[in-house]
Amino acid sequence: MFKIARVSASHLRGQRFPVTIRPTRADVVAARFIARNTAPAPEILARALTWGADEKVLLVLAAAGWLASRGRGEPLRRAGNHALLVTVAASLLPHGLKRLFDQTRPDRRTVIGHLHGVPFSGKREDAFPSGHALHMGALASAAGALPAGPRRAIRAVAVGISLTRLVVLAHWASDVVAGFALGAALERLLRLCTGYPLDTSTENDHADP
């Protein structure tokens, strides 16, 4: 039901955009496992949780946080600026990449999954990269400036929400990993523009394991 297609190097050299990306064998194995072993209840739960990384929700929250930070101390204003800029950039980047790359979502390649409650997600060819995971990668990276306890909690939530994209078969595993890594890299890059502090929490790690 799932297929892997290989693209030769010579074909890639002559490929025009958008470039078609194929799932890896590990992607296919993971998607087949989920399709065969899921059920309506976990799919509904995962679908609800995945809204925690929806770009529209995050843009509203970032804008509200930015407004709340106005008139406050310099660190809070800087954090508000950073959060808003990162959220806007993390919302735009996936749309740009999905114009360059086409990849069929795993939920379009399964019948068994839909019989077990898997929903249809977004546009058919917009699997790569996972925009939700990109937002969560940025959040996990930004949490590096927090004390150990909040940092670990936020990163656990970010990873958990990213994994919901696998459960609902909206993305292949490699799409989620790529999105998460891109989000983390984007957040670190934008620190150069906003002055958001680099990791300051590591000095407390030994005191608060």
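## Burial and surface

In this predicted model, buried residues account for 38% of the 209 residues that make up the protein chain. The accessible surface of the protein chain amounts to about 11300 Å², and carbon and sulfur atoms contribute 67% of that area.

## Secondary structure and contacts

The protein chain contains 9 helices and 2 strands, and their order along the sequence follows the pattern α-β-α-α-α-α-β-α-α-α-α.

## The aromatic pair

A search of the whole structure returns 1 aromatic pair. The partners are Phe101 and Phe128, whose rings are arranged edge-to-face, with 5.6 Å from centre to centre and 85° between the planes. Phe101 belongs to strand E2, which spans residues 101–102, whereas Phe128 is placed in the loop between helix H6 (112–115) and helix H7 (131–142), so the pair ties together parts of the chain that are 27 residues apart in sequence.

The two partners fall on either side of the 20% cut-off in relative accessible area below which a residue is called buried. Phe128, at 17% relative accessibility, counts as buried, while Phe101, with a relative accessible area of 21%, is partly exposed.

How values were computed: Residues are numbered from 1 along each chain as its sequence is written. This is a predicted model: local features need pLDDT of at least 70, side-chain atom pairs count only at pLDDT 80 or more; totals for chains, interfaces and linings use all residues. Side-chain values use heavy atoms; hydrogens and water are left out. Helices (H or I, at least four residues) and strands (E, at least two) are DSSP runs, numbered from the N terminus. Buried means under 20% relative accessible area, exposed over 50%, partly exposed in between (1.4 Å probe, protein chains only). Accessible areas come from the Shrake-Rupley method with a 1.4 Å probe; for residues, only the protein chains shown count as cover. Rings of Phe, Tyr and Trp (its six-membered ring) pair if their centres lie within 6.5 Å; planes under 30 degrees apart count as stacked, over 60 as edge-to-face and the rest as tilted.
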